[in-house]
Amino acid sequence: MQIWLRALAVPVLFAGGVAPLQTRIDAQTQSVAREEEELLLRSGRLLRKLSLGYESLLADVYWTRAVQYYGRKRVGHDPHFDLLASLLDLTTTLDPHLVVAYRFGAIFLAEPPPRGAGRPDLAAEFIHRGIAANPDQWRLWADLGFLYYWDLKDYAKAADAYLEGSRQPGAHPWMKAMAARIAQQGGSRQTSQLLWSELYDSTADPNIRRNAFEHLQTLKAEEDAEQLEKIVHEYQVRFAATPTSVGDLVRAGLLPSSPVDPAGYPYLLGPGGNVLLHPSSPIASDILGSRPR
Amino acid sequence: MTMSLAVAINTFREAVRDRVLYNLIFFALLMIAAAVLVGQISIGIERLVIINLGLTAISVVGLAMAVFIGVGLVYKEMDKRTLDALLSKPIRRWEFLFGKYAGLLLTLAVNTTLMTLGLGTALCYVGRTFSRADASILVAVYFIGLELALVTALALLFSCFSTPMLSAVFTLGLYVGGVFTADIRSLGAMTGSPALGAMGKVLYYLLPNFHNFNAIALAAHGRAVPMSLIAANTAYATAYIAVVLLAAAAILSNRDLK
């Protein structure tokens, strides 16, 4: 009986004593911890030495930390990604061949706030470091081309990056085609759609796929909005008035039915006849602002 | 040689009786946790983490075993006076020493092999088929084996003339020093002093260079390890172990056991 009592006392004491006390301590120290969010060691070279030869595993730990940091900021809609560049630098100094860190890290750095750090310049620098450490990785050239095209709008450098990447062993044939297309057509929407489609098709990672899908939907919405604005203009010419809703366009016979965006929500018209997304539509309106013209 | 074999088998049995191989349960749990969890908390490194974590665990657990069992191998026999009874039989001191060394190596080999199988199973679990590039994982395991063999020899050497506590400190100190040999040499050169430069150079060649045996990163990225490096590392470890064991045999042979 006494043994049972003792055995029962352990979980009871733990649940009733230790756990609540820890919760209370957490509540008191959480604010302090938030303020102290910083990296104790910022030198990758020092960390490499201190790892006693296990730097590869430590790189995985820092990469996971970078992913968690980015995820936490993004979920919390916090636009300040102060530690992101340092975490990525530590990760790739510990393991310069961790290609996944360069590829995703560049996305984290380049995306505009609050989706990322809004530092495409750092992202390009980071990818260049990755290429220097892994010259045979054609995908890093593709990422660099994408970065120059989408975030930095430097179409000449984007074309150069795709062309250089196409010369690497195992490079996909579309790299050369992409280089030619960007050189010829610059930042057209069709080129953007092609790039995002290629990214969507070529990755197995659900995060990248979702991001590419969101951008493709936005580009489609943008295309629809342009078409609708043309129809609004036609309405204005024909009736010498501005339509107040999409229904006016349907009733005038200019549209067969009320059009919906790629997420299935109806388009709306603003007071001046400008096309708007439905307030409930999940299509990322913040991406629309960063599209190349 | 038969006597050495008998000592080796008994050393292995003793380690198994001491439940040394229980660490395999910890390793199995670690591998399962890594295989299941990493995909949830990180991006794109499931395979890398399993290889890195698996090889690091093989190395760290092996090192702990080599040091903490190795430092007591000879000392315990001397302390409990069982060595006297053993040496009254037709066995020479160096044979006893070699048997002890071989016994611990056998324990480490069994442990490392089972851990490698566990690593392979975890890799299969995360949906991976094996390719030629995975041969580098086996090379990394082989290098860890060489490293452990060298550490065991060092622990055994200290065990011949020092207490287990001090032997563990010496062995671990030499291990850490051995990881930093290249830095010791460059530090000597950086001072600008010819004497310190020369000392750095001497230490570079004198200390066991454990950095040679680090192929974990290469294995994780599926990069091939040249055959010439495998041969050179094998020769280096063999030569160094031979020197250390000869020194240990000389110390034990000249030691007054009364």
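## A helix pair in chain B

In this predicted model, helix 3 (residues 46–79) and helix 5 (residues 93–125) of chain B pack with their axes 10 Å apart, at an angle of about 160°. Helix 3 of chain B and helix 5 of chain B are therefore roughly antiparallel (over 145 degrees). Their crossing is right-handed.

Among the residues making the contact are B:Gly54, B:Gly62 and B:Gly70 of helix 3 of chain B, and B:Leu97, B:Leu104 and B:Leu108 of helix 5 of chain B. Two residues are in contact if their C-beta atoms, placed from the backbone, lie within 7 Å.

## Chain A as a whole

Chain A holds 13 helices and two strands, which are DSSP runs of H or I (at least four residues) and of E (at least two), numbered from the N terminus. The radius of gyration of chain A is 26 Å, well over the 19 Å that the globule rule (2.2 Å times the number of residues to the power 0.38, over C-alpha atoms) gives for 293 residues, so chain A is more spread out than a compact globule. Its C-alpha trace spans about 90 × 55 × 35 Å along the principal axes.

## Where the chains meet

In chain A, 17 residues are in contact with 20 residues of chain B. Helix 3 of chain A gives the most to its side, with seven residues.

## Conventions

Residues are numbered from 1 along each chain as its sequence is written, and chains are lettered from A and ligands numbered from 1 in the order in which they are written. Local features need pLDDT of at least 70 and side-chain atom pairs count only at pLDDT 80 or more, while totals for chains, interfaces and linings use all residues.

Terms used
Axes are lines fitted to C-alpha atoms, for helices over the stretch in contact, and angles run from 0 to 180 degrees between N-to-C directions. Angles under 35 degrees count as roughly parallel, over 145 as roughly antiparallel, 65 to 115 as roughly perpendicular and the rest as oblique. A crossing is left-handed if the near helix is turned anticlockwise from the far one by less than a right angle, and right-handed if clockwise.
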